[in-house]
Amino acid sequence: MKYEFTTGEPITEAEALEKVEAMGFHGLAFDDAHDEDETLHWHEFDAVTWVISGSGSFADEHGNVIQIQPGCHLTAPAGWLHRTLAGSNARIVLGTNLPYGEWTMPIDKDPAERPAELST
């Protein structure tokens, strides 16, 4: 499944939230810290993410490891398989096409339960 990861100049939390709003997405900012590797999972929403501060890494379903730092930007479709790796500690802005109140729990979905239409 395709996702887009780019690096650029750092932006502020307010700037990232403005970009999310301009896209028509629903945004929130939070601290994302992991002492252990997450299990591979997917989400039910399309997402855009900006790293505001901190650093870390994630892996995609093929095991490709991507390092993150301020200025990194990720665009990923619903169903994208990924996991955040241990040692990640970053402030991020997340924008989704689905409002937070409509997310089903758990937010991290089991790969075995990913619908076929979200696996391409």
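Q: Where is the place of Pro99, and what makes this residue partly exposed?
A: Pro99 has its place in the segment after β7, where strands are DSSP runs of E with at least two residues, helices are runs of H or I with at least four, and both are numbered from the N terminus. Its relative accessible area is 25%, and because buried means under 20%, exposed over 50% and partly exposed in between (1.4 Å probe, protein chains only), Pro99 counts as partly exposed. The C-alpha atom of Pro99 is separated by 9.1 Å from that of Phe45, and the two residues are 54 apart along the chain.

Q: What kind of model is this, and which pLDDT do local features need?
A: This is a predicted model in which local features need pLDDT of at least 70 and side-chain atom pairs count only at pLDDT 80 or more, while totals for chains, interfaces and linings use all residues. Residues are numbered from 1 along each chain as its sequence is written, and side-chain values use heavy atoms, with hydrogens and water left out.

Q: How do you know that Arg91 and Glu13 form a salt bridge?
A: The closest N and O atoms of Arg91 and Glu13 are 2.8 Å apart, and because a salt bridge is a side-chain nitrogen of Lys or Arg within 4 Å of a carboxyl oxygen of Asp or Glu, the pair qualifies.

Q: What makes Asp31 and Arg91 a salt bridge, and why is Asp31 called exposed?
A: The closest N and O atoms of Asp31 and Arg91 are 3.4 Å apart, which places the pair among the salt bridges. Here too distant parts of the chain are linked, Asp31 in strand β2 and Arg91 in strand β7, 60 residues apart. Asp31 has a relative accessible area of 54% and is therefore exposed. Glu13, Asp31 and Arg91 are linked in a network of salt bridges.

Q: What makes the contact of Lys109 and Glu44 a salt bridge, and is Lys109 buried or exposed?
A: The side chains of Lys109 and Glu44 meet at 3.9 Å, N to O, and this pair is a salt bridge. Lys109 lies in the segment after β7 and Glu44 in the loop between β2 and β3, 65 residues apart. With a relative accessible area of 10%, Lys109 is buried, whereas Glu44, at 26%, is partly exposed. A search of the whole structure finds 4 salt bridges.

Q: How do you know that Asp60 has no salt bridge?
A: Asp60, found in strand β3, is buried, and the nearest side chain of opposite charge, that of Arg83, is 8.5 Å away; in this count Lys and Arg are positive and Asp and Glu negative, while His and the chain ends are not counted. The side chain of Asp60 does have polar partners, among them the side chain of Tyr3 at 2.8 Å and that of Asn64 at 3.0 Å. A polar contact is a pair of N or O atoms within 3.5 Å, one able to donate a hydrogen and the other to accept it within protein, and residues adjacent in sequence count only if both atoms are side-chain atoms.

Q: Why is His34 called buried, and with which side chain does His34 make a polar contact?
A: His34, in the loop between β2 and β3, has a relative accessible area of 14% and is therefore buried. The side chain of His34 makes a polar contact of 2.7 Å with the side chain of Asp32.

Q: Why is Val65 called partly exposed?
A: Val65, placed in strand β4 (residues 65-68), has 45% relative accessibility and so counts as partly exposed. From C-alpha to C-alpha, Val65 and Tyr3 are 13 Å apart in space, and they are 62 residues apart in sequence.

Q: What makes the peptide bond from Met105 to Pro106 cis?
A: The peptide bond from Met105 to Pro106 has omega near 0° and is cis, and Pro106 is found in the segment after β7.
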